[in-house]
Amino acid sequence: MTAMPNAGQGRRGTDGGKVLNGPDLFAGAALMLSGPLSILMGASGIAEDTPFASSSQYAYRFDLTTWGVIHLVVGVALVVAGLGVLSNKSWGRGAGAALAGISLITQFMFVPYYPAWAIPVMVLDLVIVFALTRFHVGTSGGQST
């Protein structure tokens with residue numbers, strides 16, 4: 001009797017390494033999207049472009065250059081975590097989930113400056129966190145004793 005591999009556990013590739021399953025592959029690709037978007041936002045903030053609104057009564061008020069540096073650092077970290085997830089490194093999933101959470105918080109704090117940008121990126125970060133932290137239900141490969 002032939003046992004079918006469990007889809008939740010991933011499959012082995014021809015080189016013996018584990019192949020990414022769908023949610024992990026999506027999360028890695030989404031991290032590779034969210035990171036460069038944050039880098040672009042950081043570059044715009046550092047250049048002090050005009051699309052940003054300034055809110056004088058906002059509790060998390062920073063200079064646009066400071067916001068630019070924050071987005072730039074978070075964006076580079078997201079790209080590194082995305083590469084870790086896509087290359088199936090042991091630290092990739094945890095780092096990706098943690099950094100997507102940090103990005104989610106920074107985007108939330110950035111909403112008054114540019115809501116048309118921050119809200120969609122927040123949704124993307126939330127989906128990344130969900131994809132990387134879902135619970136794996138698996139069996140021992142379907143082999144009977």
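Analyst: Here is a short tour, from the overall layout down to single residues.

Analyst: This is a predicted model, where local features need pLDDT of at least 70 and side-chain atom pairs count only at pLDDT 80 or more, while totals for chains, interfaces and linings use all residues. Residues are numbered from 1 along each chain as its sequence is written, and side-chain values use heavy atoms, with hydrogens and water left out.

User: How many helices and strands does the protein have?

Analyst: There are four helices and two strands. Both terms refer to DSSP runs, numbered from the N terminus: helices are H or I with at least four residues, strands are E with at least two. From the N terminus on, the order is β-β-α-α-α-α.

User: What share of the residues counts as buried?

Analyst: Of the 145 residues, 34% do. Buried means under 20% relative accessible area, exposed means over 50%, and partly exposed is in between (1.4 Å probe, protein chains only).

User: How do H1 and H2 pack?

Analyst: H1 covers residues 22–46 and H2 covers residues 64–86. Their axes are 7 Å apart, at an angle of about 160°. That makes H1 roughly antiparallel to H2. Angles over 145 degrees get that label, those under 35 count as roughly parallel, 65 to 115 as roughly perpendicular, and the rest as oblique. Axes are lines fitted to C-alpha atoms, for helices over the stretch in contact, and angles run from 0 to 180 degrees between N-to-C directions.

User: What kinds of residues make that contact of H1 with H2?

Analyst: They divide into 18 nonpolar, eleven polar and one charged. Here Ala, Val, Leu, Ile, Met, Phe, Trp, Tyr, Cys and Pro count as nonpolar, Asp, Glu, Lys and Arg as charged, and the others, Gly among them, as polar.

User: And what about H3 and H4, at which angle do they cross?

Analyst: Roughly 155°, and their axes come within 8 Å. That makes H3 roughly antiparallel to H4. Contact means heavy atoms within 4.5 Å. Among the residues making this one are Gly 96, Ala 100 and Phe 108 of H3, and Trp 117, Ile 128 and Leu 132 of H4. The residues of the contact divide into 14 nonpolar, five polar and two charged.

User: New topic. How many residues are in the largest nonpolar core?

Analyst: It has 14 residues, and those with the most contacts inside it are Leu 31, Leu 78, Ile 128 and Leu 132. H1, H2, H3 (92–110) and H4 (115–133) each supply at least two residues of this core. A nonpolar core is a set of buried Ala, Val, Leu, Ile, Met, Phe, Trp, Tyr and Cys residues joined through side-chain atoms within 4.5 Å. In soluble globular proteins, nonpolar side chains tend to be buried together.

User: What does Leu 31 touch?

Analyst: Leaving out residues up to four places away in sequence, the partners of Leu 31 include Leu 78, Val 85, Ala 100, Ile 128 and Leu 132.

User: Where is Asn 88 found?

Analyst: Asn 88 is in the loop between H2 and H3. Asn 88 has a positive phi of about 60°, although it is not a glycine. At 36% relative accessibility, Asn 88 counts as partly exposed.

User: Last one. Which residues does Thr 65 touch?

Analyst: Thr 65 lies in H2. Thr 65 touches Gly 45, Ile 46 and Glu 48, not counting residues up to four places away in sequence. Thr 65 is partly exposed, with a relative accessible area of 26%.
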